[in-house]
Amino acid sequence: MTEKELKALEKKRIEHERLSGMMEFERKFSEFDYICGVDEAGRGPLAGPVVAGAVILPKDCYIEYLNDSKKISEKRREALFVEIKEKAIAYGIGVVSVDVIDEINILNATYEAMKLAIENLSVKPQMLLCDAVHIPDVSIPQVGIIKGDAKSVSIAAASILAKVTRDHMMYDYDKLYPEYGFAKHKGYGTKVHMDALREHGMCPIHRKTFVHL
């Protein structure tokens, strides 16, 4: 075996070990057939919706390089987005608009997006693994895991579905409102975005309760 092949094998071994570590909570609740990871994208931006993902993966599911969506490149996220949807037992997406965010605040809007994502699953989960939060008014047992998107494959999968779905929406908004640069910053408060806000004011997808010029 060549040195290159040995390095490739070692890389695969390390990745397998990392993913095995991310199945700790799935193993802990292995008596359940349908464990659902839940996560959101878009709590912090000044514009655009908040989006949640809910994913039930098969117990023997192995998705190489699955990780917290913030820790992987856009190209890899896009590839994983497709693979997760292909391999999942079920997945759901929940989207809550800027008007609702402004009306009920971002935390409550995030909970609503998560509940919508769970409701949109084609299979009812028996256990929810959530990234750091406890979703109110949900009868399904749930566990909140701090930094769960880096500790649970189910939550990581949900984080990728939420992030990529929201990014795609922001690309579409960029075509409607090209002066703000949504395709680049996805609505976050970068200098480019703030400069555009000062020049053009707010557009219909800006969160009025977030923007302070």
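In this predicted model, D195 forms a salt bridge with K191, and the closest N and O atoms of the two are 2.8 Å apart. Side chains of opposite charge can pair when their charged atoms come close. Both residues belong to helix 8, which covers residues 191-200, and because they are four residues apart there, about one helical turn separates them. Elsewhere, salt bridges that share partners join D68, K70 and D149 into one network.

How many salt bridges does a search of the whole structure find? The search finds 13, and another of these pairs is made by R18 and E15, whose closest N and O atoms are 2.7 Å apart. R18 and E15 are three residues apart in helix 1, so about one helical turn lies between them. Here R18 is partly exposed, with a relative accessible area of 27%, whereas E15 counts as buried because its relative accessibility is 9%, and buried means under 20%.

A further salt bridge links K115 with D137, with the closest N and O atoms 4.0 Å apart. K115 lies in helix 5, residues 106-119, and D137 lies in the loop between strand 4 and strand 5, so this pair ties together parts that are 22 residues apart in sequence. K115 counts as buried, with 14% relative accessibility, and D137, with 74%, counts as exposed.

Helix 1, made of residues 3-21, also contains L6. This leucine counts as partly exposed because its relative accessibility is 47%, and together with M1 and L9 it makes a nonpolar surface patch of about 340 Å².

From the helices we can turn to the sheet. Strands of a sheet pair through backbone hydrogen bonds, either parallel or antiparallel. In this model five strands form an open sheet with mixed pairing, and their order across the sheet is 3-2-1-4-5. Strand 3, residues 90-96, and strand 5, residues 142-145, are the edge strands, each of which pairs on one side only. From one strand to the next, the twist averages 20°.

Which way do the neighbouring strands 1 and 4 run, parallel or antiparallel? Strand 1 (residues 35-41) and strand 4 (residues 127-131) run parallel and are joined by four bridges, and C36 stands opposite L128 in strand 4. On the other hand, strand 1 pairs with strand 2 in the antiparallel sense, over six bridges, and here A41 stands opposite V51 in strand 2. Strand 2 in turn pairs with strand 3, again in the antiparallel sense, over seven bridges, with I56 standing opposite A90 in strand 3.

Why can strand 2 be described as largely enclosed by the rest of the structure? The reason is that seven of the seven residues of strand 2 are buried.

Helix 6, residues 153-176, lies across strand 1, strand 2 (50-56), strand 3, strand 4 and strand 5, and runs at about 35° to strand 1.

How values were computed: Residues are numbered from 1 along each chain as its sequence is written. This is a predicted model: local features need pLDDT of at least 70, side-chain atom pairs count only at pLDDT 80 or more; totals for chains, interfaces and linings use all residues. Side-chain values use heavy atoms; hydrogens and water are left out. Patches are made of residues with over 30% relative accessible area and no salt bridge: like charges are joined within 9 Å, nonpolar side chains (Val, Leu, Ile, Met, Phe, Trp, Tyr) within 5 Å. Accessible areas come from the Shrake-Rupley method with a 1.4 Å probe; for residues, only the protein chains shown count as cover. A salt bridge is a side-chain nitrogen of Lys or Arg within 4 Å of a carboxyl oxygen of Asp or Glu. Helices (H or I, at least four residues) and strands (E, at least two) are DSSP runs, numbered from the N terminus. Buried means under 20% relative accessible area, exposed over 50%, partly exposed in between (1.4 Å probe, protein chains only). Two strands pair if DSSP finds at least two bridges between them. Axes are lines fitted to C-alpha atoms, for helices over the stretch in contact, and angles run from 0 to 180 degrees between N-to-C directions. Contact means heavy atoms within 4.5 Å.
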